[in-house]
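Visitor: I would like to go through this assembly with you. Let us set each value against its definition.

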Amino acid sequence: MVRLPRSSRLLLALALVSGGSPAGAGRISSATQDCIDCHRSVTPGIVADWEASRHAKLTVAEALDPARKPLERRISITAAPAEIARYVVGCAECHTANAAKHKDTFLHGDQHVHVVVTPQDCATCHPVETEQYGKNIMSRAHTNLKNNPLFHSMLTSANGTDVLEAGKLVSKPGNALTEDESCYGCHGSKIEVEGFRDRETSSGKMSFPVLKGWPNQGVGRVNPDGSEGSCTACHARHAFSLELARSPETCSQCHSAPDAPAYRVYRTSKHGNIFDVLGKTFNMDAVPWTVGKDFTAPTCATCHISQIVSKSSKVLVERTHQMNDRLPWRLFGLPYAHPHPLDPDTSIIRNKAGLTLPTELSGEPASKYLIDEKEIAARKQRMMSVCLSCHSSGLVETHFARLENTIRTTNALTRTATQLMEKIWGAGLADRSNLFDEAIERRWVDSWLMYANSIRLGSAMMSAEYGVFTNGRWEATRAIRELSDWLEDHLKSGAKPAKKN
Amino acid sequence: MVRLPRSSRLLLALALVSGGSPAGAGRISSATQDCIDCHRSVTPGIVADWEASRHAKLTVAEALDPARKPLERRISITAAPAEIARYVVGCAECHTANAAKHKDTFLHGDQHVHVVVTPQDCATCHPVETEQYGKNIMSRAHTNLKNNPLFHSMLTSANGTDVLEAGKLVSKPGNALTEDESCYGCHGSKIEVEGFRDRETSSGKMSFPVLKGWPNQGVGRVNPDGSEGSCTACHARHAFSLELARSPETCSQCHSAPDAPAYRVYRTSKHGNIFDVLGKTFNMDAVPWTVGKDFTAPTCATCHISQIVSKSSKVLVERTHQMNDRLPWRLFGLPYAHPHPLDPDTSIIRNKAGLTLPTELSGEPASKYLIDEKEIAARKQRMMSVCLSCHSSGLVETHFARLENTIRTTNALTRTATQLMEKIWGAGLADRSNLFDEAIERRWVDSWLMYANSIRLGSAMMSAEYGVFTNGRWEATRAIRELSDWLEDHLKSGAKPAKKN
Amino acid sequence: MVRLPRSSRLLLALALVSGGSPAGAGRISSATQDCIDCHRSVTPGIVADWEASRHAKLTVAEALDPARKPLERRISITAAPAEIARYVVGCAECHTANAAKHKDTFLHGDQHVHVVVTPQDCATCHPVETEQYGKNIMSRAHTNLKNNPLFHSMLTSANGTDVLEAGKLVSKPGNALTEDESCYGCHGSKIEVEGFRDRETSSGKMSFPVLKGWPNQGVGRVNPDGSEGSCTACHARHAFSLELARSPETCSQCHSAPDAPAYRVYRTSKHGNIFDVLGKTFNMDAVPWTVGKDFTAPTCATCHISQIVSKSSKVLVERTHQMNDRLPWRLFGLPYAHPHPLDPDTSIIRNKAGLTLPTELSGEPASKYLIDEKEIAARKQRMMSVCLSCHSSGLVETHFARLENTIRTTNALTRTATQLMEKIWGAGLADRSNLFDEAIERRWVDSWLMYANSIRLGSAMMSAEYGVFTNGRWEATRAIRELSDWLEDHLKSGAKPAKKN
């Protein structure tokens, strides 16, 4: 087949359209067709994946068809940009958008292509979602970890390579390759263009950017266009399946480990049970999403993100991509559970002691940086409106009374563990210059990061398993009693562990 | 729409029926229709859920249709009570049943409604299942825990809030909100009416009962009508899907934690493997349930509860809701595995030492309270008849020989761990007045509650994973050797941990 | 129904065939029909399972139909053996194959039947797969464990029954029943005929072999015909579903425990996420298997075993049942990750120190027994060709750079842990005559068998969870620091734990 230069093909496509094109002709932009012509054989899997997607089937104008009810719209612009309106959303529509802003842009064939599609690119059609997502702590997950010296010391303590030097245990810092596949795997990497490299390809020698930090789909990825976040964390390329984004397994990638086992907790709740078994009968792709008709048990998205309507099309709760919009408290203790931070940039927080923590070590909230009672009440009300679509007021109130009780009691456990740890530091049995590097400090971390968090998530989702035996109260009280025993034993023996760096 | 008073609507409904009603008219009782008229907008999710259920589609009389073969029946009454025969099973049929017995009954509109539907209510149509379930230890799971001082001290030790008072670690008892979401989440809460409260609703001010312990669906829930148990533990409201009840994910809610990981063990067995992958092709809703046709690998229900038939309609094993009917031994060690208790009320058990345990601390069974050899053989035979529907006698015999061997060897491990613990108590290094509150005691508990139990479940379900590395023999022998090291270290140092309360 | 003797029935079947049989008649061999006639009522489940299988629907000749494209073939013979060509693959075709070689053969009715179907039996139609599988370390999993004194001491240390004798902790060796359901559950048992036993059956008294080690489907099972391996480990009897073999849940049976959590790691990767949610839309039974069309995310089989083609029928990677054919390194550390062994029999390996380990205790590879750089490169290239069917070269190269970096850093962690352990042994604080039996030795084992392995699998599959908090770097560095603390504490106190045997 003779390949025409792109300009000629574009003219041809236009001619076909103006002259009365056959069904489907001209719906794929010639730029995208250029991509497909090669990539169908170079990377056949993703081309086939995209071909089955909604992006490949509907032009932007069709997605905005006035005959479509507002509740059924899946994009948040009100008018289609002229240059893409009549095309489906293909390779070029995303990978050449905002080319000038992208440091990873390179000339590929005759197009200026970038590798990493960012929230700023998706905002072409999904601006409301992008804006909401930017108000989300998750969108800053990289910088909030990188720029908070306390949190960052946890990263370096975990990722380092311990070696013995002259008989002494020393931790060598982990390198970038390690960090990008561990903490920054979820928090998001910082993607930087290190240069360009020529490669032999089936189309001859071509030049490609060398990207540090890529691949990565962490939620707070720092992108080559300067934006923060990654839509593909949940909306995996290149099918962009809504069912995928709404399914709890997607959240599980970053919310399953013992520090944040939300997915595993959900699986042991009655809601998770019903989804596991009967989820196959749910319509996970419907917009709007009708409770009782499309689904009979909530997924993560139902409670935290999705718009929900009743059979009579009443909106029970609005869609939000600011994931904390329905979250009065941050159950994830640092080390204490606390009202949600006001600003997505949490690296600005300082408690009275000057630490970059949302509470004092005593548990008192650093209120200046956290939402107030009024906002707490508003967010709680939004979450309750999800519950109330199936449950009675009395049930829902008791549920939240239990959760608030559990926040208090687990914070009290954390206070006790922290007091014991302060005694250990005070007695010189451990060194508080780094809070996370010694074995006994890790046991303290267990008590709040693993156990108190699990108990609170268990309470929030009604999982008795995580309330007791799976990293629950049984383990939390054990950890505290071990800290106490360790302190007494070491006070008696006078043994003093060597400092780890 | 004009709302007629209930009495008028009832007359209208009767008129419609006698005068030749359109298809379906009159199948919903007017009392239920009253509920739906409001709740369709108040709690749309559950109304829609119920509308898709079998309860909403079939009248009681139709469920008893003589044309239906006995094996196909899903209810265990032989004649339909006149007052409900011609109605589908709707809101009112359950939530107004036995109203006088229910302390949670309240006047709601013009009906006497109760919140908590109980086994006694379900017995209207499912009396055989209710009676069998009552013979089940699970039906007493709340009182067996509450009334057994030894088991209850485990609950209080786990759920307490540890605080430092005058430098001493003290455990403050957990409150009712905590207990209801932890241990009693599975064991069942005690639901009590604390009073009534007025609420503003879309229909004006209404009064509702305030229920302590609600929501809860634990298997041994103590109900406001005095009954024990909760059918919704497995048959989740309001769809009451048989597929759900038969799916292992349902059992997983209370049988996944490390003390009782039956579900997780199942998932790693070949049976679980086949169900995971091919279960979607199974007919999980069929009655009768035909091996090889409706399913090709067992779920929890297949082995423990369900009636199974062959393609030629031969009953291979009878249905039972007495879940221990096919269980010769209780693999769940307390601390030793033992023959099943005779009576569902296990709080009456006393071993020779006067402890409320089914065995001595030496492992010897408290035989007077346990089933005898004959009953053991009968239950084993029933379970084997499930296995034999697919497997040869030789295979099944070796399987049970392995399991009985594993009961012996794991009980021997528990004996050793207990002897070491007795030495620790004897040397004054721990205080046996509460067996579960000190860190070293919890390591002893690990050895039997977590590890020996996991090994036995691994053996029962042919999971090598739980036989060795996942809380299996590798961990069991490690725990014992740690107990031994701890004893020696502390005998040498003379260190004596402070008493926890 | 009157049962004719087998000989008459055979003649009848032949007559039907030669005289122009009705559709389907004569497709089941008379020998197999004999089996079915009884087993339909004796073990109805497996007969029904088989009836729904491909084996029951296609004769061997039809499976070789020249009209079928080579890529569509599911068997690897080129011509059908005359004696089975026109029959479907039924009971007798497998359970009477190679009868003379099978020590478990017995006269059953009028047929010489064996219980255990082996790779040698399957090779009748699947010789290429059998041969490839034999080059696989997995095919020697029993003997490699049994004949390696070091690895075998891990088995005995874990499976033993610890008892107190004269106040001293002693480990009694586990018995065969224990070993067969623990380590050999995955590694494969050795099946031996212990004798024959008469049983009463529905057809009168019959004699059956008594098989030691049966049931078992471990990958390196030593069979009664002398062969090694078990096809049913993945291709579960009697449906032999290709979907099952290709689904990750099948691999999970032996690759889920903390020492080898490949399946659990996969579940937390984006690939696993997509499969979990959208796998139901995949065609898991297609041959050939087309990327992007039949599946849009890989399962274990995709990367390690399956042939993959593009929509244009280009073979992207060849099928292999030598599972390490695409594996340059063995990530499973013993105790260090290393290039793959050359020979499936790893019991022949000796490091310079004379230990049966693929590396020195310093980490240096025992290169003589391991694949060389050229073979490493070839295998890496094959694996990369899987990745490249969806991903760009740059992405794939960084992925492998991360993995190779992680092999280096985790091996460095293992080196440090081992140096600490050597100090502990050197100081007489533990006894190195058995490396796996003391509590502190198990903590050392954690650092490499559980944590370094998990980190490497996390890297290989892009799971940040296993990179950090789930048995990842957080735990690996903790274990090392605990070993260091333990050494210092015990050097100070002079405490010396008693030797465990």
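Visitor: What area is buried between chain A and chain B, and what part of it do carbon and sulfur atoms give?

Guide: About 5200 Å² is buried between chain A and chain B, with carbon and sulfur atoms giving 55%. Buried area here is the accessible area (1.4 Å probe) that two parts lose on being put together, summed over both. In chain A, the residues that lose the most area to chain B are A:Arg402, A:Trp474 and A:Arg481. Together they account for 16% of what that side buries.

Visitor: What are the ground rules for these values?

Guide: The model is predicted: local features need pLDDT of at least 70, side-chain atom pairs count only at pLDDT 80 or more, and totals for chains, interfaces and linings use all residues. Side-chain values use heavy atoms, without hydrogens and water, residues are numbered from 1 along each chain as its sequence is written, and chains are lettered from A and ligands numbered from 1 in the order in which they are written.

Visitor: How many residues of chain A and of chain B are in contact?

Guide: Contact means heavy atoms within 4.5 Å. By that rule, 58 residues of chain A touch 71 residues of chain B.

Visitor: What makes A:Arg478 and B:Asp446 a salt bridge?

Guide: The rule asks for a side-chain nitrogen of Lys or Arg within 4 Å of a carboxyl oxygen of Asp or Glu. For A:Arg478 and B:Asp446 the closest N and O atoms are 2.8 Å apart. The pair therefore meets the rule. Across the interface of chain A and chain B, eight salt bridges are found.

Visitor: Which elements give two or more residues to the side of chain A that touches chain B?

Guide: They are α15 (270-278), α18 (393-426), α20 (464-467) and α21 (473-493) of chain A. Helices are DSSP runs (H or I, at least four residues), numbered from the N terminus. α18(A) gives the most, with 16 residues. By class, this side of chain A has 18 nonpolar, 22 polar and 18 charged residues.

Visitor: What makes C:Glu181 and B:Arg473 a salt bridge?

Guide: Their closest N and O atoms are 2.9 Å apart. Eight salt bridges are found across the interface of chain B and chain C.

Visitor: How do you know that chain A and chain B meet through different surfaces?

Guide: Only 2% of the interface residues of chain A are also interface residues in chain B, so the copies meet through different surfaces.

Terms used:
Ala, Val, Leu, Ile, Met, Phe, Trp, Tyr, Cys and Pro count as nonpolar, Asp, Glu, Lys and Arg as charged, and the others, Gly among them, as polar.
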